[in-house]
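Subject: Structure handover, salt bridges

Hi,

Here is the structure you asked about. Please open it alongside this note; my comments on the charged pairs follow below.

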Amino acid sequence: MLPALVSLLLLRMPTASAQSPQYVLSNHPHAQHIPTIHESAVQARRILNLSSIATLSTVFPHQHLIEPFENRPDNLGGVPIGLIDYYASCDPTPHEPTILAISIATSFRNARAGSNVTLSLRYHPPIHHPPPDDIYTYSPANLPRFSLLGHIEPVPASEVEEHHIDRCFFERHPDAVAWKPGNAIHHSWWARLVVEQVYWIGGFGDRAYIGWIPVEEWRGVTQEEVQSARLVGERGYEKARRL
């Protein structure tokens, strides 16, 4: 009985050649060069600079904090919701996304009720058509994405004027002029996402960093680094290393 039990246990033990699915999601010590945390922060800031649309996630307040005019289902308190929104990376804090907040919008009602905010972004590479046998280079699982966790605060009017924040934002979103502060449609105001935490997935874990980026590292990336960085596909098609 004992030899049979030992044989069964040996059969169940993972072999050196066997790799669990977690292998491609972990920062494997035997992989080729994996970007450092700082290099990953530069890539993330590059994506923030290239993109201008992201998913803004908030949490519904509990029942006693619902505003009188709201007409929403019961029992949504504490439930998260993610909605697409415009943003722009503008001076004087290009690392903290500038947002044109519409007061009546769900995301900003939730933020006003005390919800923290997460802005989730992913990299969209330039359109280069890889050959049919390359299924990894532009696979969404192999491309970087990240989330910025923090809270919303208003941008002072003096800062908006001094740094031409409205011009910066409308260069990325010309249609947003229709609901700039003072418009006749909806009450709106300039806001920024004050970043408190950054979570990064650079791609497959055997070739990219996956984990938290310290906020000091995020803030410390220079605009020169952002401008000189290049992500996959920006220099043209390059075949990804196989799994």
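Is Arg 46 buried or exposed? Arg 46 is buried, at a relative accessible area of 6%. Bear in mind that this is a predicted model.

Arg 46 has a charged partner. Its salt bridge is with Glu 234, and the closest N and O atoms sit 2.7 Å apart. Arg 46 belongs to helix H2 (residues 37-50), while Glu 234 is in the segment after helix H7 (223-228), so the bridge ties together parts 188 residues apart in sequence. Glu 234 has 24% relative accessibility and counts as partly exposed. The cut-off for buried is under 20%, so Arg 46 at 6% falls below it.

Next, Arg 192. This residue forms a salt bridge with Glu 96, with 4.0 Å between the closest N and O atoms. This pair also links distant parts of the chain. Arg 192 is in strand E6 (residues 188-201). Glu 96 is in the loop between strand E2 (80-86) and strand E3 (98-102). They are 96 residues apart. Both Arg 192 and Glu 96 are buried.

Which residues do shared partners join into one network? They are Glu 96, Glu 153, Glu 159 and Arg 192, joined by salt bridges.

One further pair: Asp 206 and Arg 207. Their side chains meet in a salt bridge at 3.0 Å, N to O. Asp 206 is buried, and Arg 207 is too.

In total, the count is five salt bridges.

Best wishes

Key: Residues numbered from 1 in each chain as written. Predicted model: local features only at pLDDT ≥ 70, side-chain atom pairs only at ≥ 80, totals over all residues. Heavy atoms only, no water. Helix = DSSP H or I, 4+ residues; strand = E, 2+ residues; numbered from the N terminus. Buried < 20%, exposed > 50% of the residue type's maximum accessible area, 1.4 Å probe, protein only.
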